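Open the model in a viewer and keep the selection panel at hand. The tour below goes from stop to stop, saying what to select and what is found there.

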Amino acid sequence: MLFRSAVLDAKDKTLILGNQNGKILEGNEWTRNGRSVVNTVILAGLSTKVPREEEELIFRHRAKLFNNQKVASLFANQLPLYIMAKQALGRTIRHREDRGALFILDNRVDPFLHRSLALSRFSQFDEMVAAYTDFQVGA
C-alpha cells in the first residue's frame, strides 16, 4: 500500500485520518524499527451498534439473570467500547518504550471506562491542550 509506505518512510510527523474500525488502521502494523509511528489516537465519537432483536433478547436475559439492568448494560455497551478504546490505544504501544495518548470526544463515556482505562476528563479545551503538551514533552 503506497500510503502506508509513505507514512512509514516519512521523516516528519504525519497525520493519519481514518474511520473507527476502518481498513486504514485495522489489520495494518504502523511500526518503524519495532516502534509505533502512531502516538495519538482521537476517537471522535464512539460508534455503537443499533440493537437488533436478538441483542435486545440477550440484554433482557442478562438483566433478568443478574437481576441488575446496570450490569446488563455494562456487558451490552461498555465492555465493547472498552475493548474498542484499548485496541485504539494499543496502536500507539508496540514497544515497551512507546507512549500513547487516546482522546475520546464523546460525552457518553461511562465512569467504567474512566476507571478501567485511567482516563482524564477535560471540560476546557485549554486544559486538554496543556495536558497533551506535557505528554508530548515527556515523550
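Start by selecting Asn67, which sits just after α2 and takes a positive phi of about 55 degrees. Helices (H or I, at least four residues) and strands (E, at least two) are DSSP runs numbered from the N terminus. This is a predicted model, in which local features need pLDDT of at least 70 and side-chain atom pairs count only at pLDDT 80 or more, while totals for chains, interfaces and linings use all residues. Residues are numbered from 1 along each chain as its sequence is written, and side-chain values use heavy atoms, with hydrogens and water left out.

Most residues other than glycine have a negative phi. Asn67 belongs to the loop between α2 and α3. Is Asn67 buried or exposed? Asn67 is exposed, because its relative accessible area is 70%; the cut-offs are under 20% for buried and over 50% for exposed, with partly exposed in between (1.4 Å probe, protein chains only).

Now select Asn33, another residue other than glycine with a positive phi, near 55 degrees. Its place is the loop between β1 (31-32) and β2 (35-36). Asn33 has a relative accessible area of 76% and is exposed.

The 14 residues of α2 reach 20 Å from first C-alpha to last, close to the 20 Å expected at 1.5 Å a residue. The expected span is 1.5 Å times one less than the number of residues in the helix.

Leu65 itself counts as exposed, at 60% relative accessibility.

How many salt bridges does a search of the whole structure find? The search finds two, a salt bridge being a side-chain nitrogen of Lys or Arg within 4 Å of a carboxyl oxygen of Asp or Glu. Select Arg35, Glu97 and Asp98, which are linked in a network of such bridges.

Between Arg35 and Glu97, the closest N and O atoms are 3.9 Å apart. Arg35 lies in strand β2 and Glu97 in the loop between α3 and β4, so this pair ties together parts that are 62 residues apart in sequence. Arg35 is partly exposed, with a relative accessible area of 32%, and Glu97 also counts as partly exposed, at 48%.

Between Arg35 and Asp98, the closest N and O atoms are 2.6 Å apart. Here too the pair links distant parts of the chain, with Asp98 in the loop between α3 and β4, 63 residues from Arg35. Asp98 counts as buried, at 10% relative accessibility.

**Aromatic cluster**

Next select Phe103, Tyr132 and Phe135, which ring pairs link into a cluster. Rings of Phe, Tyr and Trp (its six-membered ring) pair if their centres lie within 6.5 Å; planes under 30 degrees apart count as stacked, over 60 as edge-to-face and the rest as tilted. The count by this rule is two aromatic pairs.

The Phe103 and Tyr132 rings have centres 5.2 Å apart and planes at 65 degrees, so they are edge-to-face. Phe103 is in strand β4 and Tyr132 in helix α5 (residues 125-138), 29 residues apart. Phe103 is buried, with a relative accessible area of 14%, whereas Tyr132 is partly exposed, with 23%.

For Tyr132 and Phe135, the ring centres are 6.0 Å apart and the planes are at 25 degrees, so the pair is stacked. Both lie in helix α5, three residues apart, about one turn of the helix. Phe135 is buried, with a relative accessible area of 16%.

**Nonpolar core**

Finish with the largest nonpolar core, which has 18 residues. A nonpolar core is a set of buried Ala, Val, Leu, Ile, Met, Phe, Trp, Tyr and Cys residues joined through side-chain atoms within 4.5 Å. Select Trp30, Val41, Leu43, Leu102, Ile104 and Leu113, the residues with the most contacts inside this core. Two or more core residues come from each of α1 (2-9), β3 (40-43), α3 (69-90), β4 (101-104) and α4 (111-117). Among these elements, α3 gives the most, with five residues.
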